[in-house]
Amino acid sequence: MPKPRTSNGNKNMIGKNLMLLRQNRELSQRDLARELQLIGYDIDRNVITRIETNQRYVTDIEILAFCQVFHVTFEDLIKDAQV
């Protein structure tokens with residue numbers, strides 16, 4: 001059975017907002033990966049790239065990690081997302 005996607009074919013709903021949060025903090029994808037690794041999450045730059053470009057599904061643990069780094073809620077990550 002195929003995994004679900006949004007109506008426009010994306011594999012996740014947070015890619016755009018993740019990129020905006022990262023850019024607003026003036027972080028490169030490598031910088032964000034470093035911050036995540038410093039707090040104990042093994043998420044590298046390639047994972048961030050694939051999430052931001054909607055080529056990868058996101059786990060609940062990764063969502064928690066992004067919320068912690070950016071001090072936002074899950075609702076902030078999916079704000080204005082297309083289902």
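## Close-ups of a predicted model

**View 1. N12 sits buried in the segment before helix 1.** With a relative accessible area of 7%, N12 is buried, and its place is the segment before helix 1. Keep in mind that everything here comes from a predicted model. What does the side chain of N12 reach at 2.9 Å? It is the backbone oxygen of R56. A polar atom of the N12 side chain also lies 3.1 Å from the backbone nitrogen of I14. Skip the neighbours within four places in sequence, and N12 is in contact with T6, I51, N54, R56 and V58.

**View 2. Helix 1 has a buried face.** Helix 1 covers residues 15-24, and its buried residues are G15, N17, L18 and R22. Look down the axis of helix 1 and these buried residues fall within an arc of 165 degrees, so they line one face of the helix. Now check the other side of helix 1: K16 and N24 are exposed there. What do the buried residues of helix 1 pack against? The list is helix 2 (29-38), helix 3 (45-52), helix 4 (60-70) and helix 5 (74-78).

View 3. Follow the chain out of helix 1 and you come to E26, with a positive phi of about 55 degrees. E26 has this positive phi although it is not a glycine. You can find E26 in the loop between helix 1 and helix 2. Is E26 buried or exposed? Its relative accessibility is 73%, and the cut-off for exposed is over 50%, so E26 counts as exposed.

View 4. Q29 is part of helix 2. At 18% relative accessibility, Q29 counts as buried, because the cut-off for buried is under 20%. Which side chain makes a polar contact with the side chain of Q29? That partner is E52, at 2.7 Å. Leave aside the neighbours within four places in sequence, and the residues in contact with Q29 are R22, R45, I48, T49 and E52.

**View 5. Helix 2 and helix 4 pack together.** In general, two packed helices are described by the angle between their axes and the distance between the axes. For helix 2 and helix 4, the angle is about 100 degrees and the axes are 10 Å apart. Are these two helices roughly parallel or roughly perpendicular? An angle of 65 to 115 degrees counts as roughly perpendicular, and helix 2 and helix 4 are therefore roughly perpendicular to each other. On the helix 2 side, L32, E35 and L36 take part, meeting A65, F66, V69 and F70 in helix 4. Sort the residues of this contact by type and you get 6 nonpolar, no polar and 1 charged.

**View 6. Helix 3 keeps its buried residues on one side.** V47, I48, I51 and E52 are the buried residues to look for in helix 3. Around the axis they cover an arc of only 130 degrees, which puts them on the same side of helix 3. Which helices do the buried residues of helix 3 pack against? They pack against helix 1, helix 2 and helix 4. At the start of helix 3, have a look at D44: one of its side-chain oxygens reaches to within 3.1 Å of the backbone nitrogen of N46.

**View 7. I51 is buried in helix 3.** I51 belongs to helix 3, and this residue is buried, with a relative accessible area of 0%. Leaving aside neighbours within four places in sequence, the residues in contact with I51 are N12, I14, G15, L18, R56, V58, E62 and F66. N12, from the opening view, is one of these contacts of I51.

View 8. Just after helix 3, N54 takes a positive phi of about 60 degrees, and N54 is a residue other than glycine. The loop that holds N54 runs between helix 3 and helix 4. N54 has a relative accessible area of 18% and is buried. N54 is also one of the residues in contact with N12.

Methods:
Residues numbered from 1 in each chain as written. Predicted model: local features only at pLDDT ≥ 70, side-chain atom pairs only at ≥ 80, totals over all residues. Heavy atoms only, no water. Buried < 20%, exposed > 50% of the residue type's maximum accessible area, 1.4 Å probe, protein only. Helix = DSSP H or I, 4+ residues; strand = E, 2+ residues; numbered from the N terminus. Arc of directions from axis to C-beta. Contact = heavy atoms within 4.5 Å. Polar contact = N/O pair within 3.5 Å; in protein donor to acceptor, adjacent residues only side chain to side chain. Axes fitted to C-alpha atoms, helices over the stretch in contact; angles between N-to-C directions. Parallel < 35°, antiparallel > 145°, perpendicular 65-115°, else oblique. Nonpolar A, V, L, I, M, F, W, Y, C, P; charged D, E, K, R; others polar.
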